Amino acid sequence: MRIFPLQLTGMSFSPLHSWDLSSEEAIGLQRELAPKVVSRPLPRNFGILGAADIGYALPGTHMVAVVLTFKWPDLEPLEAVHAVCPVKFPYISGLLSFREIPPLIEAFKLLQKPPDVFLCDGQGIAHPRKFGLAAHFGLFMGLPTVGCAKTRLCGKHDPLEPRKGRWAPLCLRGEEVGCVLCSRDNVKPLYVSPGHLSDIESSRDLIMSCLGRYRIPEPLRQAHLTATRLRRELIVPG
C-alpha cells in the first residue's frame, strides 16, 4: 500500500493512503489501520469544536461536504466552510469513510483555525472492523473525534427507556464499543461511539453537552441543515 503525506499549513496529519482502492483493498486497509486508533478521554478543556455533514446533490454524482466550527463550550458559531466534490467511491455498507472522507478533507483545508475536537455524522469504533468514519477521519487528522449516528450499524444493546439522558452500552462480540443514548423523551436513540483519541464515557458526555431542543446534537444539526441547503442549491454539471 502506497502512503502519501498530507501537508496542510499549520496542521499536523498522519500519513494519508491513496483513495484509489477497490472495496477489497479498502476492507484490508481498515483491518490494518484499526489497531492504530487510540482510546483515551477527550481533553477536558479545549477551545474549538468541529462538526461535519455531507449532502448529496441530485442525480447523486456530486456531494457537498460541510465543516462548521464552534467556540466551546457555549457553541458560538465560528466558521462555516464547504467543498463540492464528485462521488468517486460506491456506497458499500461499512466503507462509508472511503466515500465521504476525501470531500471532508477538502472542506477541512479551508478552515482558518482547525478544531480541537471533531464530531462526525457516522460511526467510530462501533463498526464491524472497528474503523468507522469517525475513527478513520480522526486517525488521518491526528484529531480527537466522536461518532454520532442516527442508526445502528452493528452491535447489540439492552432495551432502552425513551427518556432523555438514558443510555445503554453498545457491545460487539462481547466488547463495549459505544453507547445507545436517548437525546430526547420518546424519540429514537442515537448511537455514540468514540473515534480516535477519545473514549466511550467522554464521547457520551460531549454529546450530552451538545444537546438542545432537538434529537440531533446542535453542531451536527447545524452542519446537516447547511449541507441540505447547499446540495439543493448546487447545479451539477451536465
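Residues are numbered from 1 along each chain as its sequence is written, and side-chain values use heavy atoms, with hydrogens and water left out. Because the model is predicted, local features need pLDDT of at least 70 and side-chain atom pairs count only at pLDDT 80 or more, whereas totals for chains, interfaces and linings use all residues. The pLDDT is the predictor's confidence in each residue, from 0 to 100. Its mean over the protein chain is 92, and 92% of the residues reach 70 or more. Over residues 1-10 the pLDDT is below 50, and this stretch has 18 contacts in the model beyond near neighbours in sequence; a contact means heavy atoms within 4.5 Å. Where pLDDT is low, the predicted coordinates should not be read in detail.

Helices (H or I, at least four residues) and strands (E, at least two) are DSSP runs, numbered from the N terminus. Two strands pair if DSSP finds at least two bridges between them.

Strand E3 (residues 48-57) pairs with strand E4 (residues 62-71) over 10 bridges in the antiparallel sense, and Leu49 stands opposite Phe70 in E4. Strand E8 (residues 167-172) and strand E9 (residues 175-181) are likewise antiparallel, with 6 bridges, and Pro169 is placed opposite Cys179 in E9. The hairpin of E8 and E9 has 2 residues between the strands, and Arg173 there takes a positive phi near 50°.

The expected span of a helix is 1.5 Å times one less than its number of residues. The 13 residues of H2 should therefore span 18 Å, which agrees with the 18 Å between its end C-alpha atoms. Buried means under 20% relative accessible area, exposed over 50%, and partly exposed in between (1.4 Å probe, protein chains only). In H2, 10 of the 13 residues are buried, among them Phe98, Ile101, Leu104 and Phe108.

Leu58, in the loop between E3 and E4, counts as exposed at 72% relative accessibility. Leu58 and Arg232 are 174 residues apart in sequence, yet their C-alpha atoms are 8.2 Å apart in space. Thr226 in helix H5 (residues 218-233) counts as buried because its relative accessibility is 18%. A polar atom of the Thr226 side chain lies 2.9 Å from the backbone oxygen of Gln222. Not counting residues up to four places away in sequence, Thr226 touches Val66 and Leu68. Ile200, in helix H4 (residues 200-209), is buried with a relative accessible area of 16%. Under the exclusion of residues up to four places away in sequence, Ile200 touches Glu176, Val177, Gly178 and Pro194.

Conventions: Polar contact = N/O pair within 3.5 Å; in protein donor to acceptor, adjacent residues only side chain to side chain.
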